[in-house]
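Subject: Structure handover

Dear colleague,

Please find the structure below. My notes on it follow.

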Amino acid sequence: MLFLVVFCVCGLLMQGEAQDRAAMWRNNDQSGRCQYTFTVPSPSETTCPQTTGPEVEGLKARLSLLEVLVARLSGGTPQVSPSKAQNDLQDSLNRAMGERNLLRAEKERLERELEGLQRRVEEMRRETERLRNKPCPAQTPAAPPRPPLQDSSLRRPTGGSSSLSHLMARPNRQGDSSSLRDSAWQYGASDFQELKAEVTEVPAPGGTEDAAGCGDLVSVADPVTHRKADNIAGKYGVWMQDPEAVSPYGPNMVWRIDTVGSEVRQLFGYEDMEQLSRGFPSKVLLLPDSVEGTGATMFRGSLYYQRRRSRTLIRYDLSSESIAARRELPHAGYHGQYPYSWGGYTDVDLAVDESGLWAIYSTSKARGAIVIAQLDPHNLEVRKTWETNIRKNSVANAFIICGKLYTVASYSSPDTTVNYMYDTATSQGRAVAIPFKNKYRYNSMIDYNPVQKKLMAWDNFHIVSYNVRLGRTQAK
Ligand code: CA
């Protein structure tokens, strides 16, 4: 019997040589006899009687081993789905593209600024040449006449020669030169008078604030740094606290706008100064219109700002998250017409002091000189205007304390000064010299908070504040 089985198997094996993958296995059955199993490929798949067997099991084992090896080669970690990896890659790409666009915008702004500077240098050169060639008058009978005002709502101060004195004592772009002349900018006639600042501010002995907490600016302390911005969008910006906060936001709420880029619409809110320093905002509002410059301010539950590429002022109500008022600031220059010396489309600077809301700007009628407007905080109507003799693009920034406008000489010099004060109560201005530090050498925003009695500033990615001291001053 055994012989017969072996013979049959041998015969089948010999026959199977003509066929591929014939195989045979031998096992012992429970009765001690040999049991032979063999498979022969069928010419037709559909006739295969079964799909299991030792060969299939072996293939399964080898497949499992290969899978383990592949997993080890790919890092031995749980598999990341291709879609997630793709999303991460897309996010990184988007971030990189965003930063590239911001850098391009910054480059374009700097190129425009360079062109402006080159034009200004050329103007000054031509004017110097003209003055050199002009014979000196034997005697100047009177001060040069001023051009007639075209807007009766604007009025000039009546300070005579002393009010003009700062014209010859303006700072240059880099620092605080008190003797730099800019003959390209004069009023009216071509007469040229050498005038010198004769007034400096010194604190009166024992001088203090008055009962209303008001006084002249006596000193500015060293800056305190609260936070450094995370990315290029925060190179310059504006931050503020509402001196008269309205529900639902309390007086500790801090607001911030990063102003790099052409579509600036995000307003970030932080619960308090600690949260501002520590981490993420608790509130992010998307403004309906883009913000221009760094002149925004906060007052009585509303954000006030200049709409991009326009002289339109917007009052954005924080509680309803909607525009409460919108009005043009009459004749105001915008989008690089009359910025501060550092540029940045800082044509319109809004400010709040003890007496309310103000706008600091210029007009073509004022020929680039700073105009101050007191605004109705409710509907943004101009209540009254003052025209100063301070050329707006000759100063780094300005703020208002107790109805007095102060200008800062340089945005980049680490040791500069508050160099001029204009009092709206008397319509008189005079040169001052109060030390002021630009710790990070690119100060793009300076504003006063009448409750904190502090100056808030944005200096080259850094959010900083300065304590100020007010008191009575006297001229000498
Ligand atoms: Ca300001």
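**Overall make-up**

The protein contains five helices and 25 strands; helices (H or I, at least four residues) and strands (E, at least two) are DSSP runs, numbered from the N terminus. This is a predicted model, in which local features need pLDDT of at least 70 and side-chain atom pairs count only at pLDDT 80 or more, while totals for chains, interfaces and linings use all residues. Residues are numbered from 1 along each chain as its sequence is written, and side-chain values use heavy atoms, with hydrogens and water left out.

The protein has 476 residues, and 44% of them count as buried (buried means under 20% relative accessible area, exposed over 50%, partly exposed in between, with a 1.4 Å probe and protein chains only). Its accessible surface is about 25600 Å², and carbon and sulfur atoms hold 53% of that; the areas come from the Shrake-Rupley method with a 1.4 Å probe, and for residues only the protein chains shown count as cover. Among contacts with a separation of 6 or more, 56% are between residues 24 or more positions apart, a contact being heavy atoms within 4.5 Å.

**Calcium site**

The calcium ion has as protein donors Asp349 (OD), Asp349 (OD), Asn397 (OD1), Ala398 (O), Ile446 (O) and Asp447 (OD), at 2.3 to 2.9 Å. Donors are N, O and S atoms within 2.8 Å of the metal (3.2 Å for Na, K and Ca); water is not among the atoms, so sites may look incomplete. Along the sequence, the donor residues follow the spacing D-x47-N-A-x47-I-D. Asn397 in strand E18 (residues 397-401) and Asp447 in strand E22 (residues 443-449) are 50 residues apart, and this pair links distant parts of the chain. Both Asn397 and Asp447 are buried.

The angles among the six donor atoms run from 48 to 162°, and the site is irregular.

**Backbone points to check**

Most residues other than glycine have a negative phi, and most peptide bonds are trans. The bond from Ser247 to Pro248 is cis, with omega near 15°; Pro248 sits in the loop between strand E6 (237-240) and strand E7 (254-258).

Arg309, not a glycine, has a positive phi of about 55° and is in the loop between strand E11 (302-306) and strand E12 (312-317). Glu321, also not a glycine, has a positive phi of about 55°. Glu321 lies in the loop between E12 and strand E13 (322-328) and is partly exposed, with a relative accessible area of 37%.

Regards

How values were computed
Four donors count as tetrahedral if all angles lie between 85 and 135 degrees; four count as square planar and six as octahedral if opposite donors are over 155 degrees apart and all others between 65 and 115; anything else is irregular.
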